[in-house]
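Hi,

Here is the structure I promised to send over. Have a look at it first, and then read my notes below.

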Amino acid sequence: MLRVAVIGGGPSGSCAAEVLAKAGIETWVFERKLDNAKPCGGAIPLCMVSEFDLPESIIDRKVRNMRMISPSNREVDISLDKVYSEEDKKEYIGMCRREVMDAFMRDRAADLGAKLVNGLVTKIDTGVNRQGPYLLTYSDYSKGEASGETKELEVDLIIGADGANSRVAKAMDAGDYNYAIAFQERIKLPSEEMKYYEDLAEMYVGSDVSSDFYGWVFPKYDHVAVGTGTMKKNQTQIKELQVGIRERAKKRLVNGEVIKVEAHPIPEHPRPRRVVGRMALVGDAAGYVTKSSGEGIYFAAKSGRMCAEQIVESSKGGKRIPTELDLKKYLRKWDKKYGTTYTVLAILQFIFYRSDAAREAFVAMCDDMDVQRLTFDSYLYKKVVAMNPWQQLKLTLLTVDAVARGLLKPTGKYSPVPSAVRNDDEVNKMLAISTIKGGIKVGNKSKS
Ligand SMILES: Cc1cc2nc3c(=O)[nH]c(=O)nc-3n(C[C@H](O)[C@H](O)[C@H](O)COP(=O)(O)OP(=O)(O)OC[C@H]3O[C@@H](n4cnc5c(N)ncnc54)[C@H](O)[C@@H]3O)c2cc1C
């Protein structure tokens, strides 16, 4: 009977384990920290809720308005009331706390029969030519002791669902990927101030918040996650960029208190090898985060599921050990299904995040209803959206305009205009009394 170890109990690992356990395959899930709060914005597309049968209880907020804010502080609302129907309000972006969502999915896999081990895998002996059987050494924390008890387990197959710093990827010599570094502060706001973020999230673009990504303010149940990301080569600037996003969003954050500061890598493309021997990578360990949007939760869950489905099929329900070629079928299916999505989003990032002029054009373009519909259909439902010839022409012209602005015009100076929510007098009065408490040291730039 096939024995599978899933290393990592985030969305990718739990979804893989669930499929394996349902098929009756002997499955262990290793998670080093059962209350792990993965640093994450926690935004999930609507289709994930139904596809992965997620209960409403794990969703803190249903966002129906995404406010895009340009380098000159032009605000464009992508309101789902306008894009879809105002009546049933069935479309939304789910905002989750990862500690809540991950625990739910992991416990569900365990309830279905996966053996959940509260343990850190420290060593993987991969056998002759990395073909297994695989001997795992791990620290078992199930007795609650800080150091853990060293144990071993032999398995026939490993799913590496252990995130961006994957130990499985190292054991299988999967090769490196470029990564971005993301920084985030969770800022608790008084309940009155939280009302502004009731069903609204913000995305800020501009060289002051990131030279190659965007900054965000995403609402959670009683706080907002405020963060930004930038590619590895610029990582020394990350705190300065975090000051930038705080500065831009200060009107709404001035009364906040930082309750958590977190940082984590975000992979930028798949690893050179995702299957070696009987070891397969999924989620961030494989490198499945999209450019432009930095979305990885759905793709982690989906890749875990697809990899496990391939294992169930190739092992005939656990009766034989799948080969490397069997496991590579999962990669072929994955690349066929999502290859274009990754390419398109990489191109969009290249075009629109290259200068403040291009970012300005990008936000302006988001004011167009066809662009809004296209963006949200493809994000919320993960489907390829057909466009009529007029829409195609319009989109092409808007993109050409953005390219021209990005290439030809000099980077514009950042010149804030008053926000719709508070005027500057009000903000200054508030800043004189108090400012965001805690978090990173922001020096003079943000006056806190
Ligand atoms: C700041 C930030 C914001 C983000 N915001 C969003 C967002 O809003 N929406 C979105 O879709 N994506 C977002 N992402 C990306 C998203 O967080 C990841 O794509 C997603 O978490 C990948 O899931 P995963 O299961 O592959 O890996 P992870 O979620 O990283 O899970 C890996 C798990 O493995 C465990 N583990 C690791 N090593 C071991 C070991 N040796 N032994 C045992 N256990 C181990 C870890 O404790 C962890 O629980 C964001 C990322 C960052 C850094």
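Val276 stands opposite Met279 in β18. That pair belongs to β17 and β18 (residues 279-281), which run antiparallel and are joined by two bridges. When I say that strands pair, I mean that DSSP finds at least two bridges between them. Helices and strands are DSSP runs numbered from the N terminus (helices: H or I, at least four residues; strands: E, at least two).

Before going further, two housekeeping points. This is a predicted model, so local features need pLDDT of at least 70 and side-chain atom pairs count only at pLDDT 80 or more, while totals for chains, interfaces and linings use all residues. Residues are numbered from 1 along each chain as its sequence is written.

Back to the sheet. Its eight strands run in the order β10-β9-β8-β2-β1-β11-β18-β17, and it is open, with mixed pairing. At the edges sit β10 (149-155) and β17 (275-276), each pairing on one side only. Further in, β1 and β2 are parallel and share five bridges, with Val6 having Val29 in β2 as its bridge partner. Strand β1 (residues 3-7) is largely enclosed by the rest of the structure, because four of its five residues are buried. Buried here means that 20 or more other C-beta atoms lie within 10 Å of the residue's own; exposed means 12 or fewer, partly exposed is in between, and the C-beta atoms are placed from the backbone.

For the chain overall, there are 15 helices and 18 strands, and 45% of the 448 residues count as buried. Among contacts with a separation of 6 or more, 73% come from residues 24 or more positions apart. Two residues are in contact if their C-beta atoms, placed from the backbone, lie within 7 Å.

Which residues come nearest to the ligand? Of the 39 around it, they are Gly10, Gly41, Gly163, Gly283 and Gly296. Two or more shell residues come from each of α1 (11-22), β2 (26-31), β8 (115-125), β12 (179-188), β16 (257-267), α9 (283-286) and α10 (297-314). A residue is near a molecule if its C-beta atom, placed from the backbone, lies within 6 Å of it. By class, the shell has 16 nonpolar, 15 polar and eight charged residues. Nonpolar covers Ala, Val, Leu, Ile, Met, Phe, Trp, Tyr, Cys and Pro; charged covers Asp, Glu, Lys and Arg; the others, Gly among them, count as polar.

Helix α7 (residues 238-248) has eight of its 11 residues buried, so it is largely enclosed by the rest of the structure. Those buried residues include Ile238, Leu241, Arg246 and Arg248. Among the elements covering them are β5 (65-69), β12, β13 (200-204) and α8 (250-253).

Helix α13 (residues 369-381) has 13 residues and reaches 17 Å from its first C-alpha to its last, close to the 18 Å expected; that expected span is 1.5 Å times one less than the number of residues. Val371, Gln372, Phe376 and Leu380 are buried in α13. Seen down the axis, the buried residues of α13 fall within an arc of 130°, so they line one face of the helix. The arc is that of the directions from the helix axis to the C-beta atoms. Just after α13, Lys382 takes a positive phi of about 50°.

The hairpin of β5 and β6 is worth a look too. These strands pair antiparallel over five bridges, one of them placing Asn65 with Ser79 in β6. Five residues lie between the strands, and Asn73 in the turn has a positive phi of about 70°. Ser72, in the loop between β5 and β6 (75-79), has its C-alpha 8.7 Å from that of Asp356, although they are 284 residues apart along the chain.

The peptide bond from Gly132 to Pro133 is cis, with omega near 0°, and Pro133 is in the loop between β8 and β9 (134-140). Asp173 is not a glycine, yet has a positive phi of about 55°. Ser292, in the loop between α9 and α10, also has a positive phi, about 70°.

Cheers
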